[in-house]
Amino acid sequence: MSRSAHPAGPRHADVMTEGHYTAPPADLNALDEKVWSRTVARDEHGTVTVGGIEVTRLAEEFGTPAYILDESDFRARCRAWADAFGQDADVFYAGKAFLSRAVVRWLKEEGLNLDVCSGGELTCALDAGMPAERIAFHGNNKTVEEIERAVTVGVGRIVLDSFQEIARVAHVAQRLGKRQRVQIRVTVGVEAHTHEFIATAHEDQKFGIALADGQAAEAVRRALTLDGLDLIGIHSHIGSQIFDMAGFEVSARRVVQLLAEVRDEHGVELPEIDLGGGLGIAYTSADDPREPHEIAKALGDIVTRECEAAGLATPRISVEPGRAIVGPTAFTLYEVGTIKPLEGLRTYVSVDGGMSDNIRTALYDAEYSVALVSRTSDAEPMLVRVVGKHCESGDIVVKDAFLPSDLAPGDLIAVPATGAYCRSMASNYNHALRPPVVAVRDGEARVVVRRETEEDLLRLDVG
């Protein structure tokens, strides 16, 4: 199925993208399983389906843009992480990636714990029935009100991020007559191979207490001596979208060194170590993420080896995958609006969404894939930049990709691997309506987060 060719930009075999030559894929109709959720396929008519439902039907019923979430894939990834780490470790889903009441219920049913980092996320978790003892509470500046609620409901752990917070949580717990389980987040000086704004373990950033200059050791001293606190372990997180395990090895070694210092000074072996999250996913075919069982074995081997060398019992390991679970399970469905060829450069393809539903390209220089999903095409490939409809030159969804040169207004295209952070960071820029999240499973589709309306936009405007 193809349409008459649309005037387009470059279509030769290799084109210049961001300073290097990139070849178009051999088959523009192929769907790389690395970047699409597991139930995505093309039917005999060339239309992409997910969970057995055609994207054309989803667009008709729910409109575009829309986040299409593959529930079966999400649940399968939860089980894979739980199985990989087993009963002797804990997997906390990082709710900041994407959180809704439906997601909380799926996590609960599939046996995962939940990591939250705000009062709003905690409210969502509790409202959807996640047991408080399976919740970890993060954040670099928790308010007294947030801490009071977390301690009152009995969250399983609060991750302490500063000296002020150590005292603050201890005071709240004492006043409420509670003993709160806590971990201390340390910065280990490891700079992950990631964008500067999502590398979170080098010293010059807002998170954690530095190992350097003995600050983390002093934090441990205070946490061990203050009433109301039950210090259960050390937490570290080295960044996001990481493929190389070398950073985790260095981080684990430094955290274990701290555990040994705690044993030597206080006669206490802390029973837990949390290595955070940050494991990468495939946004493009060039990405090569590890499977959960590979990650579990690598992290387990690293911690065991370092503890044996330090003469410590191996602590219980926790990890916090968010993107690695939800990221690949969703794609964003758009309708093509206008097509603007720039001779000798590229073709700009405008869609009915943009940076209001995916800020990551503008914020992190993130790379994505894109595909024509409402039909197939045998037309030549053209280099495109997929952009949104906002009044902003940086409103880019996909910087450089290939689509068929017969692409036309009204076609449906989809950007895969948008399950993580896209809806969580969505905005009302230009008074855009945030898209719905539509869960698809076994031939059925339902809205789990509805599309905003103009009434929603005006509700808070007291004018």
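Me: Before we get to the strands, what does it take for two of them to pair here?
Reply: Two strands pair if DSSP finds at least two bridges between them. The strands themselves are DSSP runs of E with at least two residues, helices are runs of H or I with at least four, and both are numbered from the N terminus. With that in hand, S6 (residues 66–70) and S22 pair in the parallel sense, and the bridge count is 4.

Me: What kind of model is this, and how are residues numbered?
Reply: It's a predicted model, where local features need pLDDT of at least 70 and side-chain atom pairs count only at pLDDT 80 or more, while totals for chains, interfaces and linings use all residues. Side-chain values use heavy atoms, with hydrogens and water left out, and residues are numbered along each chain as its sequence is written, from 1.

Me: Why is S22 said to be largely enclosed?
Reply: Buried means under 20% relative accessible area, exposed is over 50%, and partly exposed falls in between (1.4 Å probe, protein chains only). S22 covers residues 437–441 and is largely enclosed by the rest of the structure, because the number of its 5 residues that are buried is 4.

Me: In the hairpin of S22 and S23, which residue takes a positive phi?
Reply: S22 and S23 (residues 444–449) are antiparallel, with 5 bridges, and Arg441 has Glu444 as its bridge partner in S23. There are 2 residues between the strands, and the one with a positive phi, near 50°, is Asp442.

Me: How many Å apart in space are Gly280 and Phe243, C-alpha to C-alpha?
Reply: Gly280 sits in the loop between strand S14 (272–274) and helix H9 (292–310), and counts as buried at 8% relative accessibility. Beyond its neighbours within four places in sequence, Gly280 is in contact with Gln241, Ile242, Phe243 and Pro289. Gly280 and Phe243 are 37 residues apart in sequence, yet their C-alpha distance is 5.6 Å.

Me: What is the radius of gyration of the protein chain?
Reply: The chain holds 12 helices and 23 strands. The radius is taken over C-alpha atoms, and the globule rule is 2.2 Å times the number of residues to the power 0.38. For 463 residues that rule gives 23 Å, and the chain comes close to it, so it is as compact as a globular protein of that length, with a radius of gyration of 24 Å.

Me: What share of the contacts with a separation of 6 or more joins residues 24 or more positions apart?
Reply: As for burial, 56% of the 463 residues count as buried. Among contacts with a separation of 6 or more, the share from residues 24 or more positions apart is 72%.

Methods. Contact means heavy atoms within 4.5 Å.
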